[in-house]
Amino acid sequence: MIDSQQIASLKTSVSRESDEVAYKQLFYYFHPLLRRFAFNLLGNTEVADEIVSDVLLKLWIMRGKMDLVQDLKLYLFKATKNACLNYLKSATHRNSQLTGQIGEEDAVHNFTESEYSCSEIQQIIADAVNQLPPKCQMVFRLIKEYGLSYAQVKEVLEISQNTIETHMKLALRKLKSAIDRYQNTQK
């Protein structure tokens, strides 16, 4: 895990010295995080991989301007979200021309795979997260799985602080309820 100071230091090395080793460290740190985020938006691993690789490649291409980016993590999540939405828009347009049936909402809310595995309680939590409404699920994942702050989620999703707090309260209430039900069945 790389902390925010290390990210800033690596960003500076990439920006000012075109340091390929520093870029690779950033790439290998952010790629899995952004890939899971993109997968949650797209529901397609291959496309998520491609989009995240493009976003990170553009980071290298614009390395001379990276000093202008204040929060690299926030920047990369926003860039990934925008790239995913652009993909969905163009995919929807292509598909709607072919079939006239597929809409953007269907693609955005296609959450078919679980990223969780392991113990029974983790599976219960994963199931509860997967049953959250899509926006609530996205807010929860950005904060709890990707480590974004409330302010960063506000920037990425372009929603208010109150909306984020409401989604988090709902998510935590539903998770607590799922865990309580599980514990009651174990008695």
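**Entry 1: terms and overall make-up**

I take a helix to be a DSSP run of H or I that is at least four residues in length, and I number helices from the N terminus. With that settled, I placed Ile121 in helix 6. I note here that the model is predicted.

I then looked up the secondary structure of the whole protein, which comes to 9 helices and 0 strands. Read along the sequence, the pattern is α-α-α-α-α-α-α-α-α.

I looked up how much of the protein is buried. Of its 187 residues, 38% are buried. The accessible surface comes to about 10,900 Å², and carbon and sulfur atoms hold 50% of that surface. For contacts with a separation of 6 or more, I found that 61% are between residues 24 or more positions apart.

**Entry 2: the core**

Which residues touch the most other members of the largest nonpolar core? I listed Phe30, Leu42, Leu72, Phe77 and Leu142, out of 54 residues in that core. The elements that give two or more residues to this core include helix 1 (4-17), helix 4 (72-98), helix 7 (134-145) and helix 9 (161-186). Helix 2 gives the most, with 12 residues. As general background, I wrote down that nonpolar side chains tend to be buried together in soluble globular proteins.

I followed up one of these residues, Phe77. Leaving out residues up to four places away in sequence, Phe77 touches Leu33, Leu34, Phe37, Leu142, Tyr146, Leu148 and Val156.

**Entry 3: helix 3**

I checked the length of helix 3, which covers residues 45-61. Why should its 17 residues span 24 Å? The expected span is 1.5 Å times one less than the number of residues, so 24 Å is what the helix should span, and its end C-alpha atoms are 24 Å apart, which agrees.

At the start of helix 3, I found a side-chain oxygen of Asn44 within 3.0 Å of the backbone nitrogen of Glu46.

I also listed the buried residues of helix 3: Val47, Ala48, Ile51, Val52, Val55, Leu56, Leu59 and Trp60. Asp54 is in helix 3 too, but Asp54 is partly exposed because its relative accessible area is 38%, between the cut-offs of 20% and 50%. The C-alpha atoms of Asp54 and Thr80 are separated by 9.1 Å, and the two residues are 26 residues apart along the chain.

**Entry 4: His31**

Is His31 buried or exposed? I found a relative accessible area of 15% for His31, which is under 20%, so His31 counts as buried. His31 is in helix 2. Its side chain makes a polar contact of 3.5 Å with the side chain of Ser53. Not counting residues up to four places away in sequence, His31 touches Asp49, Val52, Ser53 and Leu56. Of these, Val52 and Leu56 are among the buried residues of helix 3.

**Entry 5: cysteines**

I searched the whole structure for disulfides and found 0. I then looked up two cysteines. Cys84 has a relative accessible area of 0%, so Cys84 is buried. Cys136 also counts as buried, with a relative accessibility of 0%.

**Entry 6: two loop residues with positive phi**

Ser18 is in the loop between helix 1 and helix 2. Ser18 has a positive phi of about 50°, although it is not a glycine. Its relative accessible area is 34%, and Ser18 is partly exposed.

Glu158 is in the loop between helix 8 and helix 9. Glu158 is not a glycine either, yet it has a positive phi of about 55°. I found a relative accessibility of 59% for Glu158, which is over 50%, so Glu158 counts as exposed.

**Entry 7: back to Ile121**

What does Ile121 touch, not counting residues up to four places away in sequence? I found Ile179 and Tyr182. I also looked up Gln183, which is 62 residues from Ile121 along the chain, and the C-alpha atoms of the two are separated by 9.5 Å.

Notes. Residues are numbered from 1 along each chain as its sequence is written. This is a predicted model: local features need pLDDT of at least 70, side-chain atom pairs count only at pLDDT 80 or more; totals for chains, interfaces and linings use all residues. Side-chain values use heavy atoms; hydrogens and water are left out. Buried means under 20% relative accessible area, exposed over 50%, partly exposed in between (1.4 Å probe, protein chains only). A polar contact is a pair of N or O atoms within 3.5 Å; within protein, one must be able to donate a hydrogen and the other to accept it, and residues adjacent in sequence count only if both atoms are side-chain atoms. A disulfide is a pair of cysteine sulfur atoms within 2.5 Å. Contact means heavy atoms within 4.5 Å. Accessible areas come from the Shrake-Rupley method with a 1.4 Å probe; for residues, only the protein chains shown count as cover. A nonpolar core is a set of buried Ala, Val, Leu, Ile, Met, Phe, Trp, Tyr and Cys residues joined through side-chain atoms within 4.5 Å.
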